[in-house]
Amino acid sequence: MKNFRLPLILILFLFVLSACQKDNLQVDDPVSVEAEKEILDASLELTDEVMNTLKSSYFNTGDVSIIDFHLPDGTIQKRYQLEGDIALSSEQMQQFIKLKDLDSKNYHTNNLVRPRTLSIIGYTGNGFALSNKERTALQWAVNNYNRLNLGIRFNLTFGTNFDDKDMVVYNNERNNPNRSGGVAGFPSNGNPNKFIQIYGLGGFSTNVNEHVITHEIGHSVGFRHTDWFSRQSCGENTNEGVGSIGANPIPGTPEGYDATSLMLACFSSTVDGEFNRNDVTALNFLY
């Protein structure tokens with residue numbers, strides 16, 4: 001992989017809608033990251049209402065599609081995919097449609113996860129199991145959050161019984177050949193996004209794996225990309241906008257480009273997987 005710019009759609013996006021992220025690794029060239037029993041939500045369509053909702057929320061609508069989103073039990077859900085790494089269910093899209101526009105440092109969206117201890121499981125079942133490196137990285141990612149003593153904490157276990165868990169982290173490399181990164185979603189109804197996929201990270205360090213997982217968890221509890229206004233970390237100059245989901249500045253964090261934030265839209269192969277000072281300020285402000 002070249003400049004692994006996997007659009008890790010991970011900025012401080014504290015929201016109550018599920019969202020996914022594209023993880024961008026910067027090693028040479030940009031590489032987009034996305035995220036079988038039964039196919040759900042088969043009726044999804046790219047209607048004018050859907051496209052207009054995305055445009056009004058300042059998402060890039062140049063490459064919106066309907067994808068098969070694979071869950072670790074083999075179920076396939078139909079979801080809207082946009083910006084390469086965000087996956088929205090039909091229910092989540094309806095929540096976007098109902099939201100009202102708000103006025104638009106690190107940034108967060110308009111809703112948060114309800115304060116509590118969140119159960120998170122690293123999946124170990126056949127076909128979607130995390131590798132030993134990925135399990136270590138998940139533990140490090142959970143430690144990143146728990147050491148801050150926030151209003152949300154994570155209780156990490158490993159196994160296959162995920163039905164009663166708040167969040168599931170699993171490897172979906174088999175359905176994402178020749179890709180590297182992760183996909184997640186935004187929170188909804190006070191709950192975090194449940195399913196977090198990672199893939200193609202075996203050739204990278206544990207720190208890079210930690211970065212991707214920490215970033216995707218960030219999306220799942222509501223963080224938006226720190227550089228949503230420019231996507232500078234991806235070598236772009238595109239304002240993702242504010243729109244109905246919000247991109248609200250957080251006191252004590254810079255409004256300009258923050259080159260070391262863990263929530264940048266894209267990341268490099270040299271990332272250390274740790275929050276910088278502004279990320280910590282943002283997390284403490286919101287949780």
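Colleague: What makes S7 and S9 paired strands, and how do they run?

Modeller: Three bridges join S7 to S9, and the two run parallel. Pairing requires that DSSP find at least two bridges between two strands, so S7 and S9 qualify. Within S9, Val168 is the bridge partner of Ile121. A strand here is a DSSP run of E with at least two residues, a helix a run of H or I with at least four, both numbered from the N terminus. This is a predicted model, in which local features need pLDDT of at least 70 and side-chain atom pairs count only at pLDDT 80 or more, while totals for chains, interfaces and linings use all residues. Residues are numbered from 1 along each chain as its sequence is written, and side-chain values use heavy atoms, leaving out hydrogens and water.

Colleague: Which strand is joined to S9 by four bridges?

Modeller: That strand is S11, which runs parallel to S9. The bridge partner of Asn171 in S11 is Ile198.

Colleague: Why is S9 called largely enclosed?

Modeller: Five of the five residues of S9 are buried, so the rest of the structure largely encloses this strand. Buried means under 20% relative accessible area, exposed means over 50%, and partly exposed lies in between (1.4 Å probe, protein chains only). In a regular strand the side chains alternate between the two faces of the sheet. Both faces of S9 are covered: Met167, Val169 and Asn171 are buried on one side, Val168 and Tyr170 on the other.

Colleague: Which residues touch the most other members of the largest nonpolar core?

Modeller: They are Ile120, Leu138, Ile152, Phe154, Ile217 and Val221, in a core of 36 residues. H3 gives the largest share of this core, five residues. A nonpolar core is a set of buried Ala, Val, Leu, Ile, Met, Phe, Trp, Tyr and Cys residues joined through side-chain atoms within 4.5 Å.

Colleague: Why is Asn276 called buried?

Modeller: The relative accessible area of Asn276 is 12%, and the limit is under 20%, so Asn276 counts as buried. Asn276 lies in the loop between strand S13 (267–268) and helix H5 (277–286).

Colleague: What makes the approach of Asn276 to Thr260 a polar contact?

Modeller: Their side chains meet at 2.9 Å. A polar contact is a pair of N or O atoms within 3.5 Å; within protein, one must be able to donate a hydrogen and the other to accept it, and residues adjacent in sequence count only if both atoms are side-chain atoms. The side chain of Asn276 also reaches the backbone nitrogen of Asn278 at 3.0 Å.
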